[in-house]
Amino acid sequence: MSHPRLILFLSDVEGNLTALRQTLRRVCEEVGQPTPEVKWSQSASALTDAGWHVAEVQGMQPAAGRKGKEGLLEEHLDKVVQALSQDFRDRVLGLYADRDNSYARVCFSGPGRPSKALEGEFLDVLRQSAKWLEVETTVLARLLGNNPARNLLAAAVDFGDEVGKGTEKPAPPPEPDEDDRFVEAKLSEARALMQQYLSLQRK
(Lines give C-alpha, C1' and ligand atoms only; values in the text may rest on other atoms or scores of the structure.)
Protein backbone atom coordinates (compact mmCIF):
# COMPACT_ATOMS: atom_id res chain seq x y z
CA MET A 1 0.00 0.00 0.00
CA SER A 2 1.38 3.40 -0.94
CA HIS A 3 1.10 6.43 1.32
CA PRO A 4 -0.32 9.77 0.17
CA ARG A 5 2.45 12.07 -1.01
CA LEU A 6 2.81 15.84 -1.22
CA ILE A 7 5.40 16.92 -3.77
CA LEU A 8 6.54 20.43 -4.63
CA PHE A 9 8.02 21.36 -8.00
CA LEU A 10 10.02 24.60 -7.89
CA SER A 11 11.63 26.40 -10.79
CA ASP A 12 15.23 27.59 -10.48
CA VAL A 13 15.59 27.57 -6.69
CA GLU A 14 19.24 26.48 -6.83
CA GLY A 15 18.89 24.07 -3.95
CA ASN A 16 17.87 26.62 -1.34
CA LEU A 17 16.22 24.20 1.04
CA THR A 18 16.51 26.55 4.03
CA ALA A 19 14.37 29.20 2.34
CA LEU A 20 11.86 26.54 1.31
CA ARG A 21 11.55 25.35 4.92
CA GLN A 22 11.10 28.90 6.17
CA THR A 23 8.23 29.59 3.77
CA LEU A 24 6.60 26.26 4.59
CA ARG A 25 6.90 26.96 8.33
CA ARG A 26 5.29 30.41 7.92
CA VAL A 27 2.32 29.03 5.96
CA CYS A 28 1.82 26.18 8.45
CA GLU A 29 1.74 28.68 11.32
CA GLU A 30 -0.85 30.79 9.47
CA VAL A 31 -3.19 27.82 8.92
CA GLY A 32 -2.55 26.20 12.29
CA GLN A 33 -0.65 23.18 10.99
CA PRO A 34 2.42 21.45 12.42
CA THR A 35 5.44 22.06 10.20
CA PRO A 36 6.43 18.89 8.31
CA GLU A 37 9.90 17.94 7.13
CA VAL A 38 10.85 18.63 3.52
CA LYS A 39 13.79 17.39 1.48
CA TRP A 40 14.94 17.35 -2.12
CA SER A 41 13.84 14.29 -4.06
CA GLN A 42 15.87 12.30 -6.55
CA SER A 43 13.78 13.31 -9.53
CA ALA A 44 13.93 12.15 -13.13
CA SER A 45 16.39 13.87 -15.44
CA ALA A 46 13.45 14.96 -17.62
CA LEU A 47 12.20 17.16 -14.75
CA THR A 48 15.67 18.59 -14.21
CA ASP A 49 16.03 19.24 -17.93
CA ALA A 50 12.69 21.06 -17.87
CA GLY A 51 14.04 23.33 -15.11
CA TRP A 52 12.28 21.82 -12.10
CA HIS A 53 13.63 21.01 -8.64
CA VAL A 54 11.53 18.46 -6.77
CA ALA A 55 10.97 18.52 -3.02
CA GLU A 56 8.90 16.06 -1.04
CA VAL A 57 7.02 17.02 2.11
CA GLN A 58 7.39 14.27 4.71
CA GLY A 59 6.00 13.46 8.13
CA MET A 60 2.65 15.15 7.50
CA GLN A 61 0.51 14.89 10.63
CA PRO A 62 -3.05 16.19 11.17
CA ALA A 63 -3.18 19.34 13.23
CA ALA A 64 -4.03 18.69 16.88
CA GLY A 65 -7.59 19.54 17.77
CA ARG A 66 -8.63 19.94 14.13
CA LYS A 67 -11.25 17.58 12.78
CA GLY A 68 -11.77 16.26 9.28
CA LYS A 69 -9.96 17.63 6.27
CA GLU A 70 -9.23 21.00 7.88
CA GLY A 71 -6.47 19.33 9.85
CA LEU A 72 -4.59 18.23 6.73
CA LEU A 73 -1.91 20.30 5.00
CA GLU A 74 -3.04 19.28 1.51
CA GLU A 75 -6.27 21.19 2.12
CA HIS A 76 -4.13 24.34 2.13
CA LEU A 77 -2.09 23.41 -0.93
CA ASP A 78 -3.05 26.60 -2.76
CA LYS A 79 -1.68 28.78 0.08
CA VAL A 80 1.55 26.79 0.19
CA VAL A 81 2.09 27.09 -3.56
CA GLN A 82 1.20 30.79 -3.73
CA ALA A 83 3.52 31.62 -0.82
CA LEU A 84 6.42 29.71 -2.39
CA SER A 85 5.80 31.36 -5.76
CA GLN A 86 5.83 34.79 -4.15
CA ASP A 87 8.94 34.15 -2.02
CA PHE A 88 10.95 32.52 -4.79
CA ARG A 89 9.52 34.81 -7.49
CA ASP A 90 9.07 31.94 -9.90
CA ARG A 91 6.71 29.17 -10.92
CA VAL A 92 5.72 26.54 -8.34
CA LEU A 93 3.52 23.47 -8.63
CA GLY A 94 2.24 21.46 -5.68
CA LEU A 95 0.91 17.93 -6.19
CA TYR A 96 -0.87 15.85 -3.56
CA ALA A 97 -1.32 12.24 -4.68
CA ASP A 98 -3.27 9.49 -2.95
CA ARG A 99 -2.91 6.58 -5.35
CA ASP A 100 -4.74 4.02 -3.22
CA ASN A 101 -7.91 6.12 -3.28
CA SER A 102 -7.31 7.25 -6.89
CA TYR A 103 -7.41 10.89 -5.80
CA ALA A 104 -5.06 13.79 -6.43
CA ARG A 105 -4.94 17.56 -6.15
CA VAL A 106 -2.65 20.01 -7.93
CA CYS A 107 -2.07 23.73 -7.69
CA PHE A 108 0.11 25.77 -10.06
CA SER A 109 1.16 29.37 -9.46
CA GLY A 110 3.49 31.96 -10.92
CA PRO A 111 4.40 35.42 -9.64
CA GLY A 112 1.83 38.03 -10.57
CA ARG A 113 -0.55 35.44 -12.01
CA PRO A 114 -3.69 33.85 -10.59
CA SER A 115 -3.11 30.29 -9.46
CA LYS A 116 -4.65 27.29 -11.23
CA ALA A 117 -5.94 24.24 -9.41
CA LEU A 118 -7.51 20.87 -10.13
CA GLU A 119 -8.61 17.98 -7.95
CA GLY A 120 -10.25 14.66 -8.68
CA GLU A 121 -9.33 11.38 -10.37
CA PHE A 122 -5.65 10.52 -9.93
CA LEU A 123 -4.91 10.05 -13.63
CA ASP A 124 -6.72 13.22 -14.74
CA VAL A 125 -4.78 15.33 -12.25
CA LEU A 126 -1.53 13.60 -13.23
CA ARG A 127 -2.06 14.44 -16.90
CA GLN A 128 -2.83 18.09 -16.14
CA SER A 129 0.18 18.37 -13.83
CA ALA A 130 2.42 17.04 -16.59
CA LYS A 131 1.05 19.66 -19.00
CA TRP A 132 1.76 22.50 -16.57
CA LEU A 133 5.26 21.14 -15.92
CA GLU A 134 5.76 20.60 -19.68
CA VAL A 135 6.92 17.00 -19.25
CA GLU A 136 5.51 13.63 -20.29
CA THR A 137 2.93 12.00 -18.03
CA THR A 138 5.21 8.97 -17.75
CA VAL A 139 7.78 11.11 -15.93
CA LEU A 140 5.34 11.89 -13.11
CA ALA A 141 4.02 8.32 -13.12
CA ARG A 142 7.50 6.96 -12.43
CA LEU A 143 8.09 9.59 -9.75
CA LEU A 144 4.96 8.44 -7.92
CA GLY A 145 5.37 4.70 -8.59
CA ASN A 146 5.69 2.29 -11.47
CA ASN A 147 2.07 1.32 -11.81
CA PRO A 148 -0.17 4.32 -11.04
CA ALA A 149 -3.02 3.13 -13.22
CA ARG A 150 -3.63 -0.48 -12.42
CA ASN A 151 -7.41 -1.01 -13.16
CA LEU A 152 -7.50 1.42 -16.08
CA LEU A 153 -7.16 -0.02 -19.56
CA ALA A 154 -6.77 3.47 -20.99
CA ALA A 155 -3.60 3.93 -18.97
CA ALA A 156 -1.63 1.92 -21.51
CA VAL A 157 -2.01 4.84 -23.90
CA ASP A 158 -0.50 7.29 -21.44
CA PHE A 159 2.06 5.17 -19.67
CA GLY A 160 3.45 3.09 -22.51
CA ASP A 161 4.13 -0.62 -22.64
CA GLU A 162 5.11 -1.12 -18.99
CA VAL A 163 1.49 -0.95 -17.79
CA GLY A 164 0.29 -3.37 -20.42
CA LYS A 165 2.97 -6.01 -19.91
CA GLY A 166 1.58 -9.41 -19.09
CA THR A 167 -1.93 -8.54 -20.21
CA GLU A 168 -3.62 -10.16 -23.16
CA LYS A 169 -4.62 -8.18 -26.22
CA PRO A 170 -8.34 -7.36 -26.35
CA ALA A 171 -10.44 -9.67 -28.48
CA PRO A 172 -11.22 -8.37 -31.97
CA PRO A 173 -14.72 -6.94 -32.46
CA PRO A 174 -17.32 -9.49 -33.60
CA GLU A 175 -18.18 -9.78 -37.27
CA PRO A 176 -21.24 -7.68 -38.27
CA ASP A 177 -24.44 -9.68 -38.38
CA GLU A 178 -27.47 -9.17 -40.62
CA ASP A 179 -28.90 -6.41 -38.43
CA ASP A 180 -25.59 -4.53 -38.41
CA ARG A 181 -25.35 -4.72 -42.18
CA PHE A 182 -28.94 -3.47 -42.54
CA VAL A 183 -28.26 -0.49 -40.26
CA GLU A 184 -25.02 0.33 -42.07
CA ALA A 185 -26.81 0.20 -45.41
CA LYS A 186 -29.47 2.59 -44.15
CA LEU A 187 -26.82 4.95 -42.79
CA SER A 188 -24.99 4.94 -46.10
CA GLU A 189 -28.27 5.65 -47.90
CA ALA A 190 -29.02 8.53 -45.53
CA ARG A 191 -25.53 9.99 -46.04
CA ALA A 192 -25.96 9.85 -49.79
CA LEU A 193 -29.34 11.60 -49.59
CA MET A 194 -27.88 14.29 -47.33
CA GLN A 195 -25.02 14.92 -49.75
CA GLN A 196 -27.51 15.15 -52.60
CA TYR A 197 -29.64 17.63 -50.61
CA LEU A 198 -26.62 19.77 -49.71
CA SER A 199 -25.42 19.89 -53.31
CA LEU A 200 -28.88 21.09 -54.41
CA GLN A 201 -28.84 23.80 -51.73
CA ARG A 202 -25.52 25.16 -52.96
CA LYS A 203 -26.88 25.71 -56.52
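A search of the whole structure, which is a predicted model, finds three aromatic pairs. Rings of Phe, Tyr and Trp (its six-membered ring) are taken to pair if their centres lie within 6.5 Å; planes under 30 degrees apart count as stacked, over 60 as edge-to-face and the rest as tilted. Ring pairs join Trp52, Phe108 and Trp132 into a cluster. Residues are numbered from 1 along each chain as its sequence is written. Local features need pLDDT of at least 70 and side-chain atom pairs count only at pLDDT 80 or more, whereas totals for chains, interfaces and linings use all residues, and side-chain values use heavy atoms, with hydrogens and water left out.

The chain contains eight helices and six strands. Helices (H or I, at least four residues) and strands (E, at least two) are DSSP runs, numbered from the N terminus. In order from the N terminus, the elements are β-α-β-α-β-α-β-β-β-α-α-α-α-α. Of the 203 residues in the chain, 36% are buried, where buried means under 20% relative accessible area, exposed over 50%, and partly exposed in between (1.4 Å probe, protein chains only). The chain exposes about 13,000 Å², and carbon and sulfur atoms supply 50% of this area; accessible areas come from the Shrake-Rupley method with a 1.4 Å probe, and for residues only the protein chains shown count as cover. Among contacts with a separation of 6 or more, 55% are between residues 24 or more positions apart, a contact being heavy atoms within 4.5 Å.

The six strands form an open sheet in the order S2-S3-S1-S4-S5-S6, with antiparallel pairing. S2 and strand S6 (116–121) stand at the edges, each with a single partner strand, so one side of each has no neighbour in the sheet. On average, neighbouring strands of this sheet are turned by 20° against each other, direction ignored. Axes are lines fitted to C-alpha atoms, for helices over the stretch in contact, and angles run from 0 to 180 degrees between N-to-C directions.

Helix H4 (residues 122–133) packs on the sheet and touches S1, S3, S4, S5 and S6. The direction of H4 makes about 150° with that of S6. Helix H3 (residues 77–88) lies across S1, strand S4 (92–98) and strand S5 (103–109), and runs at about 30° to S5.

Two strands are said to pair if DSSP finds at least two bridges between them. S1 and S3 are antiparallel and pair over six bridges; in S3, Val54 is the bridge partner of Phe9. S1 is also joined to S4 by six bridges, again running antiparallel, and Arg5 has Ala97 as its bridge partner in S4. Strand S2 (residues 37–40) pairs with S3 over four bridges in the antiparallel sense. Across this pairing, Glu37 stands opposite Gln58 and Lys39 stands opposite Glu56.

Six of the seven residues of S1 are buried, and the strand is mostly covered. Strand S3 (residues 52–58) is largely enclosed by the rest of the structure, because five of its seven residues are buried. Ser11 belongs to strand S1 (residues 5–11) and is buried, with a relative accessible area of 4%. The bridge partner of Ser11 in S3 is Trp52, a residue that also takes part in the aromatic cluster. Leaving aside neighbours within four places in sequence, Ser11 is in contact with Gly51, Trp52, Asp90 and Arg91.

Helix H5 (residues 137–144) is mostly covered, with seven of its eight residues buried. The buried residues in H5 are Thr137, Thr138, Val139, Leu140, Ala141, Leu143 and Leu144. Just after H5, Gly145 takes a positive phi of about 140°.

Cysteines were examined for disulfides, defined as a pair of cysteine sulfur atoms within 2.5 Å. By this rule the count is zero. Cys28 is buried, with a relative accessible area of 0%, and Cys107 is buried at 2%.
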